[in-house]
Amino acid sequence: MVKLIHGDTPLRLPPYWEDAKAELMKRDRIMRKIIPQFGNLQLTGRSEPFVTLARSIIGQQISVKSAEAAWQRFLLVCPRSTPAQVLKAGALTLAACGLSKRKVDYLLDLAEHFKAKRVHADKWATMEDEAVIAELIQIRGIGRWTAEMFLIFNLLRPDILPLDDVGLLNSISLNYFSGEPVSRSDVREVAANWEPWRTVATWYLWRSLEPLPVEY
């Protein structure tokens, strides 16, 4: 795993990225058109597992701009973003950041899972994708989509296809089906040509809709 320094946080780059780009452009005419538009931009990972998951929960069902504002308010009361700090802050303090009761409950449950070691974050890097997902979805507020985002943005897994992701569905519709609605089977059929680099293709399809990557 390549590591660079970005501010105070190591910036991790997936070692497979250039190989994946070349292979996707060779196989797929749409990828051949999209990938060169984004130069040296690529997927990066930088957060601790707990931070990534907390940020995902806080950003659920709100715009990117609103999610960033909510995250910054959260950091005022939990600057280190550790499970212990979240539990110490408690429900009232977290709610005062503007978080809904549901999101507060989710954050506290996430912190409890980490504190009690009911999840094995130290082993996730060596576990299979589905095994990590099975652990993550036991935490309140984390469904399959959030778990898949974790696999992509934190563990930098190369072959994740988030079938419930609206951005991916919209981009496949626009780029492969002339704007017609697409089904899961349509997505699977298109994505079969991308294996084992479905994460990389997904990332570039996101960029075709939203050129600047979202922070996780």
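Me: Where in the chain is the place of Gln61?

Reply: Gln61 sits in the loop between helix H3 (49–58) and helix H4 (64–77). Helices (H or I, at least four residues) and strands (E, at least two) are DSSP runs, numbered from the N terminus. Residues are numbered from 1 along each chain as its sequence is written, and side-chain values use heavy atoms, with hydrogens and water left out. This is a predicted model, in which local features need pLDDT of at least 70 and side-chain atom pairs count only at pLDDT 80 or more, while totals for chains, interfaces and linings use all residues.

Me: How do I read the confidence, and where is it lowest and highest?

Reply: Start with the score itself: pLDDT is the predictor's confidence in each residue, from 0 to 100. The protein averages 91, and 93% of its residues score at least 70. Strand S1 (residues 2–6) has the lowest confidence, with a mean of 40, and helix H2 (residues 29–34) the highest, at 98. Residues 1–8 have a pLDDT below 50, and this stretch makes 17 contacts in the model beyond near neighbours in sequence. Contact means heavy atoms within 4.5 Å. Where pLDDT is low, the predicted coordinates should not be read in detail.

Me: Back to Gln61: is it buried or exposed?

Reply: The general idea is a set of cut-offs: buried means under 20% relative accessible area, exposed over 50%, and partly exposed in between (1.4 Å probe, protein chains only). Gln61 counts as exposed because its relative accessibility is 72%. Its phi is near 60°, a positive value in a residue other than glycine. Lys117 also has a positive phi, of about 55°, although it is not a glycine. Look for Lys117 in the loop between helix H6 (101–115) and helix H7 (129–136); with a relative accessible area of 64%, it is exposed.

Me: Which residues of H4 are buried?

Reply: They are Ala67, Ala70, Trp71 and Phe74. Viewed down the helix axis, the buried residues of H4 fall within an arc of 105°, so they line one face. The arc is that of the directions from the helix axis to the C-beta atoms. The general idea is that an α-helix has 3.6 residues a turn, so residues three or four places apart point the same way. The face of H4 turned away from the buried side carries the exposed residues Lys65 and Leu76. Covering the buried residues are elements including H3, helix H5 (83–95) and H6.

Me: Which residues does Leu53 touch?

Reply: Find Leu53 in helix H3, where its relative accessible area of 0% makes it buried. Not counting residues up to four places away in sequence, Leu53 touches Leu110, Phe114, Trp124, Leu136, Ile142 and Phe150. Leu53 and Met149 are 96 residues apart along the chain, yet their C-alpha atoms are separated by 9.2 Å.

Me: What polar contact does the side chain of Asn154 make?

Reply: A polar contact is a pair of N or O atoms within 3.5 Å; within protein, one must be able to donate a hydrogen and the other to accept it, and residues adjacent in sequence count only if both atoms are side-chain atoms. Here, the side chain of Asn154 pairs with the side chain of Thr52 at 2.9 Å. Asn154 lies in the loop between helix H8 (144–153) and helix H9 (166–176) and is buried, with a relative accessible area of 3%. Leaving aside neighbours within four places in sequence, its contacts include Arg12, Ser47 and Met149.

Me: How many disulfides does a search of the whole structure find?

Reply: The search finds zero, a disulfide being a pair of cysteine sulfur atoms within 2.5 Å. The sulfur of Cys78 is 6.8 Å from the closest cysteine sulfur, in Cys97, which is too far for a bond. Cys78 is buried at 0% relative accessibility, and Cys97 is buried at 5%.

Me: Which residues does a cis peptide bond join?

Reply: Glu195 and Pro196 are joined that way, with omega about 5°. You will find Pro196 in the loop between helix H10 (184–191) and helix H11 (198–209).
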